Amino acid sequence: MTAQDFPRVSVCIPVYNRATLVQETIASVLAQDYPHLEILVQDNASTDGTSEALARFAASEPRIAVQRNPELIRMVPNYNRVVSRAQGDLVMILSSDDLLEPGFLRTCAELLRDPAIDAVTTGYHWLEDGKKTPRIPKVPGGVYTGALRTVLLENPFNLSVSLFRRTLLERLRLHGRLFRERLFTGDYDLWLRVAASGAGLLYRPDVLGGCFRLHAENISKGNRRMYRHTNLTILANREVLRRQCPLAYRYKLLRILAHDLRDRLRGRMVDRRLNRAVWLGLLQR
């Protein structure tokens, strides 16, 4: 078999100011034993030497295609830009500071030979100070279809260790874009829409995927912003949540209100507009 006999995989890497980490990320992709792939990098006007490092990589490796934004844009629009370039049958969206384990792409592509499976997602390690710790699975392995309640309550899946059929991602586009650009938690929103679509999602909890690196620059450490945008994501999907899992949806809204009440009692600021929207969502029939 030649490389062209395998489905083409597009690995999409959005990056901003990660000169050292992104080189290790790309190296982990190049080390995959999968013969037919393209590595698409979207450099968000980096200023720390990332652009120069990417140019060196691209000059020596024809599978790497780097595109640089002329000016800095927000994170989620940068994700949309790189995904829009994907030409492969299968698409991966890989954070610029994460690593793939050897054999990940080949294993997931093999699993996607089953026409009932639209996406594969796997377990992974936490990597901090050079130490790997397997992430404890929140849900059992298996094929999930219509798993909206699972995603809403557990959010057990990670975008950086997932492989999607491009046809699924195209079906999920909203106004031509995969991610809602006003939402910072675009990955959570995408998983909710994948689950709501009824797509066949195969979850392998064993550590096929890679390493999610914990470090001082992790985006996810902005806890208050992440919390707010997680709640905005739930409200953005309220119609389908009310239809497909009404009890879980109302339970989630009550949890948000309980969290806000606890913050008020502790003298912390509460987003009044968001709080009002949650109340309206809870009262809506």
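**Notes on the strands**

1. In this predicted model, strand E1 (residues 9-15) is largely enclosed by the rest of the structure, because 7 of its 7 residues are buried, where buried stands for under 20% relative accessible area.

2. In a regular strand the side chains alternate between the two faces of the sheet. For E1, both of these faces are covered, with Val9, Val11, Ile13 and Val15 buried on one side and Ser10, Cys12 and Pro14 buried on the other.

3. Together with helix H1 (residues 19-30), E1 and E2 make a β-α-β unit, which is right-handed.

4. E1 is also joined to strand E4 (residues 90-93) by 4 bridges, and the two strands run parallel.

5. Elsewhere in the notes belongs an open sheet of 4 strands, whose order is E5-E12-E7-E8 and whose pairing is mixed. Its edge strands are E5 (99-100) and E8 (131-134), each of which pairs on one side only.

6. Within that sheet, E8 pairs with strand E7 (residues 125-128) in the antiparallel sense, over 4 bridges. Which residue of E8 is the bridge partner of Leu127? The partner is Lys132.

Conventions. Residues numbered from 1 in each chain as written. Predicted model: local features only at pLDDT ≥ 70, side-chain atom pairs only at ≥ 80, totals over all residues. Heavy atoms only, no water. Buried < 20%, exposed > 50% of the residue type's maximum accessible area, 1.4 Å probe, protein only. Right-handed = clockwise from strand over helix to strand, strands pointing away. Pairing = 2+ DSSP bridges.
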